[in-house]
Amino acid sequence: MKPLLLPLRTLILFYFISLTLLLIHCSSDDKKKVEICNNGIDDDGDGFIDCADFDCNESPFCAVEICDNGIDDDGDGFTDCEDFDCNDFPGCD
């Protein structure tokens, strides 16, 4: 019975060490953090907040009105020169 005890202890120790290493790896901060584009926080820690972050270029929260294309680009209900974002655009008096 004693010869079986050593392999069993070794197996249990191996299992415990493996589980510990797995838990340490899964709880590390190496995971990629995602920028939330409308909360005023630098979520991904790259020094850029919301629409100033390159990760938010395609976000609907960061849409920019193009003032001469006939489309409501930023989705606020106003198109081109009717949009307040175009007040300083040449041709929108």
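This is a predicted model: local features need pLDDT of at least 70, side-chain atom pairs count only at pLDDT 80 or more; totals for chains, interfaces and linings use all residues.
**Exercise 1.** Describe the secondary structure and the burial of the protein chain.

*Solution.* Start with the elements: the protein chain has 1 helix and 0 strands. Next comes burial, where 16% of the 93 residues are buried. Finally, look at the contacts with a separation of 6 or more: residues 24 or more positions apart account for 4% of them.

**Exercise 2.** Work out which pattern the disulfides follow, then examine the link of Cys37 and Cys56.

*Solution.* The structure holds 4 disulfides. Counting bonded cysteines along the chain gives the pattern 1-3, 2-4, 5-7, 6-8. Now take Cys37 and Cys56, which are joined with an S to S distance of 2.0 Å. Both Cys37 and Cys56 lie in the segment after α1, 19 residues apart. The torsion about their S-S bond is about -90°, so this disulfide is left-handed. For burial, the cut-off is under 20% relative accessible area. Cys37 is buried because its value is 13%, and Cys56 is buried with 0%.

**Exercise 3.** Find the handedness of the links Cys51 to Cys62 and Cys81 to Cys92, and classify the exposure of each cysteine.

*Solution.* Begin with Cys51 and Cys62, whose sulfur atoms are 2.0 Å apart. Their S-S torsion is about -85°, so the disulfide is left-handed. Cys51 is partly exposed at 40%, while Cys62 is buried at 12%.

Move on to Cys81 and Cys92, with S to S 1.9 Å. A torsion of -70° goes with a left-handed link here. The pair sits in the segment after α1 and ties together parts 11 residues apart in sequence. Cys81 is partly exposed at 42%, and Cys92 is buried at 9%.

**Exercise 4.** Is the aromatic pair of Phe48 and Phe54 stacked, edge-to-face or tilted?

*Solution.* A pair of aromatic rings is described by the distance of the centres and the angle of the planes. The structure holds 2 aromatic pairs. For Phe48 and Phe54, the centres are 5.6 Å apart and the planes make an angle of 55°. Stacked needs under 30 degrees and edge-to-face over 60, so Phe48 and Phe54 are tilted. Phe48 is partly exposed at 36%, whereas Phe54 is exposed at 60%.

**Exercise 5.** Which residues form the nonpolar surface patch?

*Solution.* The members are Leu8, Leu11, Ile12 and Phe14, with about 440 Å² of accessible area together. Take Leu8: this residue is in helix α1, and its relative accessibility of 44% makes it partly exposed.

Notes
Residues are numbered from 1 along each chain as its sequence is written. Side-chain values use heavy atoms; hydrogens and water are left out. Rings of Phe, Tyr and Trp (its six-membered ring) pair if their centres lie within 6.5 Å; planes under 30 degrees apart count as stacked, over 60 as edge-to-face and the rest as tilted. Buried means under 20% relative accessible area, exposed over 50%, partly exposed in between (1.4 Å probe, protein chains only). Patches are made of residues with over 30% relative accessible area and no salt bridge: like charges are joined within 9 Å, nonpolar side chains (Val, Leu, Ile, Met, Phe, Trp, Tyr) within 5 Å. Accessible areas come from the Shrake-Rupley method with a 1.4 Å probe; for residues, only the protein chains shown count as cover. A salt bridge is a side-chain nitrogen of Lys or Arg within 4 Å of a carboxyl oxygen of Asp or Glu. Helices (H or I, at least four residues) and strands (E, at least two) are DSSP runs, numbered from the N terminus. Contact means heavy atoms within 4.5 Å. A disulfide is a pair of cysteine sulfur atoms within 2.5 Å.
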